[in-house]
Amino acid sequence: MTGSKYLRVLAVVAALALLGFDPRSAIAEDVPEASPAEDSADAQPSPRSPLRVDSFDYKDASEGEGKLTIAGVALPGNDLYLFFDDQPLAKVVPDDGGKWSVEKDLKLEDGRHTLRAEQYDPVTRMLAARATISIERVKQPSDGAPKTP
């Protein structure tokens, strides 16, 4: 029984092919083509991250702590929590434009370090945005000149 249904379908397809009917051309003709101008007019800009770190600067002091300055953009008005090497570093509230910056005195040791910035939704208290950057401080030679490979 299944074989006879299969043969009938093949017969219909063969008959249509003999008549010059190409199903692919019918499908292609039914779909309107968008012009490049229409594509660009309807295209939405891709969303930008609501949280980012724009600058990370560390000025070393000859002895003791140096000056760490971090700045970026986040959701305006919501508390932003910063963690350095998984330790709380600062809590800051971005301005109305979403800009934020933090300046801290700390000793940046040689090796790999991670900065994490997190913002939580004030209603649900769930994570709304996170940005993470990693840096590595290379040990400097004792004479103060940069180490060459």
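The model is predicted. Its largest nonpolar core holds 20 residues, and a search of the whole structure finds 2 aromatic pairs. An open sheet is formed by 4 strands with antiparallel pairing.

- In soluble globular proteins, nonpolar side chains tend to be buried together.

**Aromatic pairs**

- A pair of aromatic rings is described by the distance of the centres and the angle of the planes.
- For Phe 56 and Phe 84, the ring centres are 6.4 Å apart and the planes stand at 20 degrees; the pair is therefore stacked, as the angle is under 30 degrees.
- This pair links distant parts of the chain, with Phe 56 in strand β1 and Phe 84 in strand β3, 28 residues apart.
- Phe 56 is partly exposed, at 24% relative accessible area, whereas Phe 84 is buried, at 10% relative accessibility.
- For Tyr 81 and Tyr 120, the ring centres are 6.1 Å apart and the planes stand at 70 degrees, so this pair is edge-to-face, the angle being over 60 degrees.
- Distant parts of the chain are linked here as well: Tyr 81 belongs to strand β3 and Tyr 120 to strand β6, 39 residues apart.
- Tyr 81 is partly exposed, with a relative accessible area of 28%, and Tyr 120 is partly exposed at 32% relative accessibility.

**Charge over a ring**

- Arg 116 lies over the face of Phe 83, 4.3 Å from the ring centre.

**Open sheet**

- The strand order in the open sheet is β4-β3-β6-β7.
- β4 and β7 are the edge strands, each of them pairing on one side only.
- On average, and with direction ignored, neighbouring strands of this sheet are turned by 20 degrees against each other.
- Between β3 and β6, the antiparallel pairing runs over 5 bridges.
- Leu 82 has Ala 117 as its bridge partner in β6.

Terms used:
Residues numbered from 1 in each chain as written. Predicted model: local features only at pLDDT ≥ 70, side-chain atom pairs only at ≥ 80, totals over all residues. Heavy atoms only, no water. Core = buried A, V, L, I, M, F, W, Y, C linked by side-chain atoms within 4.5 Å. Buried < 20%, exposed > 50% of the residue type's maximum accessible area, 1.4 Å probe, protein only. Phe/Tyr/Trp six-rings, centres within 6.5 Å; stacked < 30°, edge-to-face > 60°. Helix = DSSP H or I, 4+ residues; strand = E, 2+ residues; numbered from the N terminus. Lys NZ or Arg CZ within 6 Å of the ring centre and 35° of its normal. Pairing = 2+ DSSP bridges. Axes fitted to C-alpha atoms, helices over the stretch in contact; angles between N-to-C directions.
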